[in-house]
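Have the structure open while you read.

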Amino acid sequence: MKSRNRAAYLLVFLILLLLSITYLVPIYVMVTTSLKSVEEINRGQYLTPTANPQWSNFSEVLFGSNRFRSEMASRLFNSVIISFSVTLLCALFGGMGGYYLSRTPNTFSRVFFILVGIALYLPYQVVIIPLSVLMARTGLGQSYGGLILSYLILNVPLACVMLGTFFLSIPRELEEAAFVDGANRVQLFFRVVVPISLPAYASVSIIIFTQVWNEFFLALTLASRDTQTVQVIMAEAKGTTLVLYNLQMAAALIAIAIPLIFFLLLGRYFIRGLLAGALKG
Amino acid sequence: MAMQSETPKAIIRKHARFQQPTWLENVIFLGPLLFFLLLLYGTLMWTMYVSLTDWKTVAPDYQFTGLKWYRFLVSQPRFEVDIVNNLKWLLLGVIPTVAIAIFLAYFLELSPYPKVEAYIRTLILYPVAMSFIVTGTVWSWLYEPGRGVINTALRSIGLDANFRFATNPETATYWLILIFIWQYLGFAVIIVQSSLRTAELQELVEAARVDGATRLRILWAVIIPNIRAGLLVLISLLLISTLKMFDIIFIVTYGGPGISTDVLALNMWITTFQQHLVSAGAGLGVIIFFLSFVLVIPYTIYAFRKWFS
């Protein structure tokens, strides 16, 4: 029995060690490298922290310099505008659509729901060509509107299914009582249903925000010079500043800061959102 | 008295109205959703039509040419490379991830230390908040053959490490898939864990334990058959993500060395937006669409059955 216990401890220890190395080394190297000078990196001791942190690396990445022309501050702003707008509009439109579908059990709703369900699995590759034509023709491609609209097309159905599934689980008696009291359906939705569904809204929002923030394919193809997102500028910086690993890592940290803060602070909603997104339907 | 006798009728009428939304309510609630769905399915049809036309420069050309560009695609050696690589992604991106996730989730359930569980969960889940572009940037550096982090670290402890990682055309795709597994493992563990935690399953496991079954036997004979629904969801999601994989390849190798790590999604982008063979690119988009459609059929049947019951 005792030797068996020891074997179990050893197994736990080995798994912990292995996972810690594979998951801590990348983020650790990112942080230490982002604070080093190029000379220090060239010494090749990547795992030792620096004695002399170069905070200026971060300001260089944010505001640009001679050796790093892809300044990130304005792209960070673009990403914030686009991701927050898409998240808000998805929560609004998806919530209303999901509520409707969850409360009207007829054939029309079922067909509608199937169309929404299929939409969740449409790859961006199959909509990108018409979208880029539309953006060019209407001039939307030059403004935030173009990217926001494109993201809405695929994320409103997702919000609709996730929130609709949640609405199915809340009892109708509450709404019927309010309805008899003379509230119309729109008031009912915003005054009764939305307030008790705020946790679900939080989970859906955090998932959609992270998805849009991290999306690359549409942003790469549709963004103009003025609406470029953080991911696009990251890809560009990697292509042009191949040897400046300190600046690359500083840029990477800036690019993940906002979603990572959400994850660390709102982990519970984040995980619930992941599960709801995965187990939708 | 007259008031009281009328009220129930009024209530019934209002209940009937509750079931039957008005025309205006239909528009308000469904209008936006309908608009986005129309755009979505409209662009889908549009792409399908483009793939049957002769659009091969920057300027659109909607002359109908049938399957001409599909024939062109299939005749390209690159298409075969893509299919083989996509198959590698589908198999090696999904099976190991699911297997490790089942093992880890079970391990976390068995572990008597709640702190260990919380630590591992956060540890393996943080990459979910990161983009493939960032992950790819970091791993490109870890992977760099000459002065990259992994080879340098191995050399510093006296090993003769000369891994070529993503620069060896023979094995590059496998190293790219490893990045994907690294990033998705935490997500997979969360899903498996949530399906492990049902009361019925806990009872079954307890009963098997009382009967003296070993832990591995319980995992194989009791747990895996009972979390099939969760596994179906997980496998479908991973299949879709690996089929559409674009970002990691774009940022780490851009399909290289040569075209050895090219996949359908990358080929689609290069064909459409670099070479401007738009009809051929649309054809690749349609192929990706049909493949993903086929891959999620089992899940779709399951999900609709669950939703409508």
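Predicted model: local features only at pLDDT ≥ 70, side-chain atom pairs only at ≥ 80, totals over all residues.

1. Counting cavities of 30 Å³ or more gives one, and the largest cavity holds about 1200 Å³ of space.

2. Who sits around it? The lining of the largest cavity runs to 37 residues, and those nearest its centre are A:Q211, B:F132, B:Y184, B:S241 and B:K244.

3. Chain A brings α7 (144-168), α10 (198-214) and α14 (267-278), while chain B brings α8 (172-196) and α11 (228-243), each with at least two lining residues. Which helix has the largest share of the lining? That would be α10(A), with five residues.

4. α7(A) meets helix α2 of chain B (residues 23-50) at an angle of about 120°, and their axes are 9 Å apart. That angle makes the pair oblique. The crossing of α7(A) past α2(B) is left-handed.

5. Now the residues in that contact. From α7(A) come A:L149, A:L152, A:I153, A:L154, A:V156, A:P157 and A:C160, and from α2(B) come B:L33, B:F35, B:F36, B:L37, B:L39 and B:L40. By class, the contact of α7(A) with α2(B) has 13 nonpolar residues, no polar ones and no charged ones.

6. Here is a helix pair within chain A. Helix α8 (residues 173-180) and helix α9 (residues 185-196), both of chain A, pack at about 155° with axes 10 Å apart. Why call them roughly antiparallel? Because the angle is over 145°, the cut-off for that label, α8(A) counts as roughly antiparallel to α9(A). The crossing of this pair is right-handed.

7. The contact in that pair uses A:L174, A:E175, A:A178 and A:F179 from α8(A), facing A:L188, A:V192, A:V193 and A:I196 from α9(A). Seven of the residues in the contact of α8(A) with α9(A) are nonpolar, none is polar and one is charged.

8. Two backbone spots in chain B to look at by eye. The peptide bond from B:G256 to B:P257 is cis, with omega near -5°, and B:P257 lies in the loop between α12 (247-252) and α13 (264-274) of chain B. The other is B:F165, which has a positive phi of about 45° although it is not a glycine. You will find B:F165 in the loop between α7 (149-156) and α8 of chain B.

Notes. Residues numbered from 1 in each chain as written. Chains lettered and ligands numbered in written order. Heavy atoms only, no water. Axes fitted to C-alpha atoms, helices over the stretch in contact; angles between N-to-C directions. Helix = DSSP H or I, 4+ residues; strand = E, 2+ residues; numbered from the N terminus. Parallel < 35°, antiparallel > 145°, perpendicular 65-115°, else oblique. Left-handed = near helix turned anticlockwise from the far one by under 90°. Contact = heavy atoms within 4.5 Å. Nonpolar A, V, L, I, M, F, W, Y, C, P; charged D, E, K, R; others polar. 1 Å grid on protein atoms, 1.4 Å probe; cavity = no way out; pocket = protein on both sides within 12 Å on 5 of 7 lines; lining within 4 Å. Points joined across faces, edges and corners; volume = space filled by probe spheres on them.
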